[in-house]
Amino acid sequence: MWRLYAGSGAGIAIKTDFGSLLTAVLGIDIHSDTYQAGRVEYVDYDKCDIPILYGMPLFYKRKSFIHEEEVRIIRLKEDSESSTGETFEADLQMLIHEVVVSPNAEDWMYDVIKRTTRLYNEPLAERVRRSEISKPTYLEDL
């Protein structure tokens with residue numbers, strides 16, 4: 001997945017869980033009618049009937065994306081014509097469990113991520129680590 005999402009290896013992954021995501025998002029009532037939260041269900045569209053209820057189709061994706069293990073929070077706004085996303089404030093200490101640096105990242109990249117995290121949110125710097133996946137030697141020249 002590193003190659004799929006980070007290309008040449010200059011990527012990071014933010015690790016969290018669904019409960020932390022819900023708890024960390026500030027200023028919204030996740031139990032209100034205007035918000036829905038849930039795990040994405042990965043289905044074969046030829047064999048599954050997707051519920052047409054307001055917002056429900058947003059919680060379904062093709063089975064080929066099952067590796068993403070995605071969760072979503074959506075805000076239902078009947079009066080909005082915008083198809084863009086919305087930003088929320090979040091408690092990063094609660095949200096972020098780990099910042100994992102790609103196993104293909106150069107040492108300087110790891111150092112920049114660690115220093116930048118320390119500069120903007122010092123306690124999170126202790127959660128920055130390299131991926132445990134080691135890079136096989138036959139891939140080094142790719």
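Guide: Two residues are in contact, or touch, when they have heavy atoms within 4.5 Å of each other. What you see is a predicted model, where local features need pLDDT of at least 70 and side-chain atom pairs count only at pLDDT 80 or more, while totals for chains, interfaces and linings use all residues. Residues are numbered from 1 along each chain as its sequence is written, and side-chain values use heavy atoms, with hydrogens and water left out.

Let us start with the whole chain. Five helices and seven strands are found here; these are DSSP runs numbered from the N terminus, with at least four residues of H or I for a helix and at least two of E for a strand. Read from the N terminus, their order is α-β-α-β-β-β-β-α-β-α-α-β. Of the 142 residues, 28% are buried, a word for under 20% relative accessible area, with exposed for over 50% and partly exposed in between (1.4 Å probe, protein chains only). Among contacts with a separation of 6 or more, 63% join residues 24 or more positions apart.

Pro 57 is partly exposed because its relative accessible area is 40%, whereas Phe 59, at 7%, counts as buried. Setting aside neighbours within four places in sequence, Pro 57 is in contact with Ile 50 and Pro 51. Its C-alpha atom is 9.6 Å from that of Val 40, a residue 17 places away in sequence. Phe 59, with residues up to four places away again not counted, touches Gln 36, Ala 37, Gly 38, Arg 39, Val 40, Glu 41, Arg 72 and Ile 74. Between the C-alpha atoms of Phe 59 and Ala 37 there are 8.8 Å, although 22 residues separate the two along the chain.

Step into the strands themselves. Tyr 42 belongs to β3 and Lys 61 to β4. Tyr 42 is buried because its relative accessible area is 12%, and Lys 61 counts as buried because its value is 17%. Lys 61 touches Tyr 42, and other residues in its contact list include Val 40, Val 43, Tyr 45 and Arg 72. The list for Tyr 42 includes Lys 61, Arg 62, Phe 65 and Ile 66, as well as Glu 68, Glu 69 and Glu 70.

Those last names bring us to polar contacts: pairs of N or O atoms within 3.5 Å where, within protein, one must be able to donate a hydrogen and the other to accept it, and residues adjacent in sequence count only if both atoms are side-chain atoms. The side chain of Lys 61 makes one with the side chain of Glu 70, at 2.9 Å. Tyr 42 takes part too: a polar atom of its side chain lies 2.8 Å from the backbone nitrogen of Glu 70, and its side chain reaches the backbone nitrogen of Glu 69 at 3.5 Å.

Most residues other than glycine have a negative phi. Glu 69, however, has a positive phi, near 45°.

The largest pocket has a volume of about 760 Å³, counted as the space filled by probe spheres set on the points, which are joined across faces, edges and corners. Its lining has 24 residues, and those closest to its centre are Met 1, Ala 13, Ile 14, Glu 68 and Glu 69. α1 (2-6), β1 (12-15) and α2 (18-24) each give at least two lining residues, and β1 has the largest share, with four.

How values were computed: On a 1 Å grid over the protein atoms alone, a cavity is a set of points where a 1.4 Å probe fits but cannot get out, and a pocket is an open set with protein on both sides within 12 Å along at least five of seven lines; lining residues have an atom within 4 Å of a point.
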